[in-house]
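Biologist: I'm new to this one and could use a hand reading it. Can we start with the strands and then move on to the ligand?

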Amino acid sequence: MSVTIVGAGVGGLTAALSLHAAGQSDVRVLEAARELRDVGVGINLPPHAVRELTELGLGDALDKFGVPTKELAYYDPAGKLIWAEPRGLEAGYKWPQYSIHRGTLQRLLADVVRQRLGENAIHVGQRVTGVTQDQGGAMSIAAIDLATEQPASFTADVVIAADGIRSPVRNGFYGAPIPLASNGWVMYRGVTKSGPFLSGRSMVIIGDETQRIVVYPIAEGLLNWLLVRPKDPAAGQSELGNWNASIPTDVTAAFVKDYRFDWLDVHQLVASASEAYEYPMADIDPLPRWVFGRCALLGDAAHAMYPFGSNGASQAILDARVLAYELANAASIDSGLQAYEEHRRPAVSEVQLANRRQAGDVMARVSALARSGAHGDAATELQDVERRYKQLAGFDVDALNNRKSWSISRAS
Ligand SMILES: Cc1cc2nc3c(=O)[nH]c(=O)nc-3n(C[C@H](O)[C@H](O)[C@H](O)COP(=O)(O)OP(=O)(O)OC[C@H]3O[C@@H](n4cnc5c(N)ncnc54)[C@H](O)[C@@H]3O)c2cc1C
């Protein structure tokens with residue numbers, strides 16, 4: 001079986017490794033970018049994603065390049081602790097939780113894809129424009145070769161569309177662009193060279209329903225921060241789905257001028273960032289269908305979600321592993337793809353909707369309690385929300401520790 005994956009993001013590259021591990025050797029990845037650069041800032045990989053990457057043999061590399069997150073703590077805008085819980089191994093999982101630069105993770109995955117599937121397995125500079133299926137079931141992929149600006153074409157038995165939130169392949173099957181939804185909030189993201197704070201491996205969320213900032217280390221001497229707040233109406237329109245819009249750090253620092261605590265000077269951290277970006281919150285409504293003939297959507301193309309709960313990249317990683325597992329276990333390609341959609345689509349749709357709720361009413365309730373001095377009630381609320389979210393997203397500690405593996409035994 002030949003497989004062409006569109007998109008060399010975290011989802012597409014993990015799909016290539018998962019298919020290879022499940023016994024598929026004819027796998028190629030088409031990527032629009034002319035080269036894979038370290039773009040983006042930090043992301044978090046909870047234990048359900050780390051389990052899958054570990055079972056693909058990347059555990060040591062994650063440990064080398066990532067920071068094992070030890071705790072998650074919520075603070076009110078005055079810097080007073082509302083609630084904290086252990087994370088990763090400290091919380092009883094068999095696998096750690098890691099914070100890591102998105103670019104580092106992508107490069108790591110790409111290096112391993114080239115080692116295992118061949119130096120030429122990733123074709124950069126190929127911008128896919130459409131995918132069609134012929135009468136006999138074979139898939140044709142149309143692309144533009146950006147080196148020559150000439151059309152290029154590829155064929156495969158199966159296509160995996162892992163081409164991100166604005167997925168041209170998905171939009172082609174739906175007959176029109178799937179609209180990106182936004183709640184009018186903006187995410188300001190950046191990294192700053194800085195010494196450790198709190199445990200040195202803490203992830204903190206500070207703020208209330210009007211704005212909040214998430215801070216965590218992603219490497220030694222490097223802190224990642226992410227501020228979410230409503231878009232300033234005077235600031236003009238930003239492009240939904242564009243991850244690369246830079247922003248001057250003084251604009252962002254002004255939003256957190258009062259966040260100066262003896263355990264972390266957030267204002268200083270944001271003001272001295274080496275890079276900062278603006279990303280309007282965007283997701284898509286849960287889709288009614290992920291599989292079109294022998295093409296399956298995966299990752300953000302299938303389920304772009306608000307970045308709450310550290311699950312955008314994680315759910316893409318889970319998709320990749322389940323897709324390879326279901327294809328390996330099915331009697332036919334078509335039944336394998338259907339099994340993948342049945343396994344993943346209902347579950348991830350719930351995560352998309354939960355992330356919308358996290359963005360809105362959850363913080364409003366928690367903040368109202370904290371403001372009235374009821375920190376204990378706010379803590380109970382947060383604990384309950386986190387517990388339910390873990391069940392939904394697939395990282396309830398007991399369920400994850402005891403779930404059977406999605407690895408395929410080579411002997412079978
Ligand atoms: C530049 C960038 C920066 C990001 N930064 C962050 C961040 O800082 N924090 C965060 O939480 N999330 C970030 N994300 C999103 C995060 O990586 C995803 O939510 C998550 O990893 C799921 O990944 P994915 O592989 O489904 O999609 P993506 O990571 O978006 O990868 C999609 C890939 O498909 C490629 N592609 C798109 N169109 C085509 C085409 N027509 N033909 C061929 N290839 C195509 C893209 O170039 C990209 O490499 C970023 C995404 C991108 C693309």
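Biologist: Which way do β1 and strand β2 run, and how many bridges join them?

Modeller: Keep in mind that this is a predicted model. Here β1 and β2, the latter covering residues 26-30, run parallel and are joined by 5 bridges. For a spot to look at, find Val-3, which sits opposite Val-27 in β2.

Biologist: What do β1, α1 and β2 make together?

Modeller: They form a β-α-β unit, and its hand is right-handed.

Biologist: Which residue of β12 is the bridge partner of Thr-4?

Modeller: That's Val-159. Strand β12 (residues 158-161) pairs with β1 over 4 bridges, again in the parallel sense. As a general idea, side chains in a regular strand alternate between the two faces of the sheet.

Biologist: On to the ligand. Which residues around it come nearest?

Modeller: Of the 31 residues around the ligand, the nearest are Gly-7, Gly-9, Gly-40, Gly-164 and Gly-299. Two or more shell residues come from each of α1 (10-21), β9 (126-133) and α9 (312-329).

Biologist: How many nonpolar, polar and charged residues does the shell have?

Modeller: By class, 16 are nonpolar, 9 polar and 6 charged. Domain 1 (2-180 + 284-402) and domain 2 (185-280) each give at least three residues to the shell.

Notes
Residues are numbered from 1 along each chain as its sequence is written. This is a predicted model: local features need pLDDT of at least 70, side-chain atom pairs count only at pLDDT 80 or more; totals for chains, interfaces and linings use all residues. A residue is near a molecule or strand if its C-beta atom, placed from the backbone, lies within 6 Å of it. Ala, Val, Leu, Ile, Met, Phe, Trp, Tyr, Cys and Pro count as nonpolar, Asp, Glu, Lys and Arg as charged, and the others, Gly among them, as polar. Domain bounds come from an automatic or database domain assignment. Two strands pair if DSSP finds at least two bridges between them. A crossover is right-handed if, with the strands pointing away from the viewer, the path from the first strand over the helix to the second runs clockwise.
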